[in-house]
Amino acid sequence: MNPFRLGLLMYLFLWSCQSEKSISGVKVIPLLEGDLSIRAVEVVDTNEIWFAANKGTVGVYDGKEISEITLHYKDSLLHFRAIAHNGTHAFALTIDNPAHLYQLTFDGNQISSARLVYQEEGPGVFYDAIGFWNEKEGIAVGDPINGCLSVIITRDGGNNWVKTDCANLPSVLEGEALFAASNGSLALKNDQTYVATGGIQARVFSSPDKGETWTVYNTPLTQGSSMSGIFSMDQYDRHQLVIYGGDWANQDSNTNNKAFSRDGGQSWALMSPSAGPGYRSSVRFIPGTDGKGLIAVGSKGIAVSHNQGDNWHQISDASIYTLRFVSDSVAYGGGPGKFVRLNFY
């Protein structure tokens with residue numbers, strides 16, 4: 001072979017290897033420690049990272065300091081497990097009955113306002129996740145009532161939210177529900193929506209048109225008990241999705257607890273069945289890895305895969321409930337008693 005061509009091929013090979021992000025460890029930097037349980041984090045940019053917690057607490061980190069606000073309902077502190085941002089405001093959503101959804105404003109230094117924009121009261125009310133397709137349109141999803149998922153949608157930037165009638169939603173099975181483990185039961189990209197369930201059956205509800213029409217797909221994840229199924233999902237592009245969960249009552253079990261789709265959720269293949277990490281509450285694609293890189297976190301630690309879940313490597317035993325990436329090497333997360341920055345290397 002021509003020496004020049006051989007040299008060029010070697011250069012391209014080495015460049016390709018070096019350009020792929022490979023994570024072998026993580027430094028967990030505490031930014032807030034105390035008695036909060038933080039299960040939802042939303043990254044706007046490097047100077048605005050929101051988190052939602054119990055004890056009525058919602059906070060935002062500007063890269064230097066944290067601004068917090070405490071919200072009550074009557075004499076009780078609210079419990080937040082979902083938060084999202086539409087480019088203008090943050091929206092923090094409570095679990096339990098009644099449900100409260102607040103629109104929050106950050107003025108660059110502190111949280112300057114919190115306005116209640118939706119409230120729902122009744123048997124079975126329990127919302128789990130929230131997200132936005134764009135600045136005007138967003139969705140929040142919750143456990144079933146009257147045989148269908150609870151779905152509320154805004155089309156005006158979050159000022160008003162309308163609940164979708166069951167006649168326009170697929171039926172759920174008795175004992176099927178969502179998990180409020182990491183704001184991960186919902187995945188949005190462009191006009192596409194995915195909602196993950198667990199319990200008696202672990203399925204994925206898919207909408208191609210921002211909640212107007214729906215299709216339901218079965219998955220092979222462990223299911224059949226109240227605390228088993230899909231606890232988190234993420235979407236890399238319109239084809240590649242990942243789901244992760246397991247059995248919360250048996251967190252060491254790694255049997256049928258993670259799966260990958262390459263056709264937009266229509267079919268699923270188990271990832272490393274009976275191998276790799278057990279239960280995890282949050283899974284995310286590593287940015288810039290073409291869907292190959294995955295991070296999974298939970299009470300049992302942090303694990304990474306560089307080959308779409310075929311193999312996993314535990315890189316930390318830190319208990320982290322949820323995380324969101326800023327870049328391919330920096331993320332922010334929440335856990336028991338902590339809000340943290342994660343520097344991957």
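Me: What makes two cysteines a disulfide?
Reply: A disulfide is a pair of cysteine sulfur atoms within 2.5 Å. The sulfur atoms of Cys148 and Cys166 are 1.9 Å apart, so this pair falls within the 2.5 Å limit and is a disulfide. A search of the whole structure finds 1 disulfide.

Me: What kind of model is this, and how are its residues numbered?
Reply: This is a predicted model, in which local features need pLDDT of at least 70, side-chain atom pairs count only at pLDDT 80 or more, and totals for chains, interfaces and linings use all residues. Residues are numbered from 1 along each chain as its sequence is written, and side-chain values use heavy atoms, with hydrogens and water left out.

Me: How confident is the predictor in the chain?
Reply: The pLDDT (the predictor's confidence in each residue, from 0 to 100) averages 94 over the chain, and 94% of the residues score at least 70. Over residues 6-19 the pLDDT is below 50, and this stretch has 2 contacts (heavy atoms within 4.5 Å) beyond near neighbours in sequence.

Me: Why is the disulfide of Cys148 and Cys166 called left-handed?
Reply: The torsion about its S-S bond is about -75 degrees, so the disulfide is left-handed. Cys148 lies in strand β13 and Cys166 in the loop between β14 and β15 (176-177), so the pair ties together parts that are 18 residues apart in sequence. Strands here are DSSP runs (E, at least two residues), numbered from the N terminus.

Me: Why is Cys148 called buried, and why is Cys166 called partly exposed?
Reply: Buried means under 20% relative accessible area, exposed over 50%, and partly exposed in between (1.4 Å probe, protein chains only). Cys148 has 4%, so it is buried. Cys166 has 29%, so it is partly exposed.

Me: What makes Glu120 and Lys163 a salt bridge?
Reply: A salt bridge is a side-chain nitrogen of Lys or Arg within 4 Å of a carboxyl oxygen of Asp or Glu. The N to O distance for Glu120 and Lys163 is 2.6 Å, so the pair meets the 4 Å limit. Glu120 lies in strand β10 (residues 111-120) and Lys163 in strand β14, so the pair ties together parts that are 43 residues apart in sequence. Glu120 is buried at 11%, while Lys163 is partly exposed at 32%.

Me: How do you know that Lys210 forms a salt bridge with Asp191?
Reply: The closest N and O atoms of Lys210 and Asp191 are 3.8 Å apart, so they too fall within 4 Å. Arg155 forms a salt bridge with Glu212 at 3.2 Å.

Me: What makes the pair Asp156 and Thr154 a polar contact?
Reply: A polar contact is a pair of N or O atoms within 3.5 Å; within protein, one must be able to donate a hydrogen and the other to accept it, and residues adjacent in sequence count only if both atoms are side-chain atoms. The side chains of Asp156 and Thr154 make such a contact at 2.9 Å, so the distance is within 3.5 Å.

Me: How do you know that β11 pairs with β12?
Reply: Two strands pair if DSSP finds at least two bridges between them. Strands β11 and β12 (residues 138-145) are joined by 5 bridges and run antiparallel, so they pair.

Terms used
Helix = DSSP H or I, 4+ residues; strand = E, 2+ residues; numbered from the N terminus.
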